[in-house]
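Hi there,

Here is the structure I promised to pass on to you. Have a look at it first, and then read my notes below.

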Amino acid sequence: MHSFGHRANAVATFAVTILAAMCFAASFSDNFNTPTPTASVKILNINWFQKEANGNDEVSMTLNISADLSSLFTWNTKQVFVFVAAEYETPQNALNQVSLWDGIIPAKEHAKFLIHTTNKYRFIDQGSNLKGKEFNLTMHWHIMPKTGKMFADKIVMTGYRLPEQYR
């Protein structure tokens, strides 16, 4: 006869094996989801555009951020981290990214939103490279699943330009 310890070990091993198989199935099922998120960012106002005492350019702007990210949520989604970044080129760097706003979406019910805000983080360039600069606003998101690997993607919105003069 097997002892109680042997039987408990067999049951625990079986339970862990089934749990691992369920986690794999949940993670694998996310590969069949084809999300179709939408996003729009409008710059309502350039509040100020100035040169700091140390020579760096700084911009403050008022934004309207709207998005429908509900298609990112599946039964395996724990939460979605989303942020808006300004992306531009300078002679020193091929890609500069400055985060302007971010948020965590905990559930599908909160995935459709419209936010009127100023940039949450300072938009500063190390140098005097922002006068008349064309830039993109990009909404990035990272899907954090309950089990499995994280997914990341973005929507790039082009056609933005900063003023030629400081204000």
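Let me start with Phe113. Leaving aside residues up to four places away in sequence, Phe113 touches Ile65, Ser66, Ala67, Leu69, Trp101 and Ile105. Please keep in mind that this is a predicted model.

Phe113 sits in strand β5. Its relative accessible area is 15%, and because buried means under 20%, Phe113 counts as buried. One of its contacts, Ala67, is 46 residues away along the chain, yet the C-alpha atoms of Phe113 and Ala67 are separated by 5.6 Å.

That brings me to strand β2, which spans residues 57-68. Of its 12 residues, 9 are buried, so β2 is mostly covered by the under-20% cut-off. Here is how β2 pairs with other strands:

- With β5 (residues 112-118), β2 pairs in the antiparallel sense over 7 bridges, and Thr62 stands opposite Thr118 of β5.
- With β1 (residues 38-51), the pairing is also antiparallel and runs over 12 bridges; Lys51 stands opposite Asp57 in β2.
- With β6 (residues 123-125), β2 runs antiparallel and is joined by 3 bridges, where Val59 has Phe123 of β6 as its bridge partner.

β1 and β2 also form a hairpin, with 5 residues between them. Take a look at Gly55 in that turn: its phi is positive, at about 95°.

Finally, the surface. Which residues make the nonpolar surface patch of about 330 Å²? They are Phe14, Ile18 and Met22. Met22 belongs to helix α1, which covers residues 4-29. Is Met22 buried or exposed? Its relative accessibility is 53%, and because exposed means over 50%, Met22 counts as exposed.

Happy to go through any of this with you.

Best wishes

Conventions: Residues numbered from 1 in each chain as written. Predicted model: local features only at pLDDT ≥ 70, side-chain atom pairs only at ≥ 80, totals over all residues. Heavy atoms only, no water. Buried < 20%, exposed > 50% of the residue type's maximum accessible area, 1.4 Å probe, protein only. Helix = DSSP H or I, 4+ residues; strand = E, 2+ residues; numbered from the N terminus. Pairing = 2+ DSSP bridges. Patch = residues over 30% accessible without salt bridge, like charges linked within 9 Å, V, L, I, M, F, W, Y side chains within 5 Å. Areas by Shrake-Rupley, 256 points an atom, 1.4 Å probe, with all protein chains shown as cover. Salt bridge = Lys/Arg side-chain N within 4 Å of Asp/Glu carboxyl O. Contact = heavy atoms within 4.5 Å.
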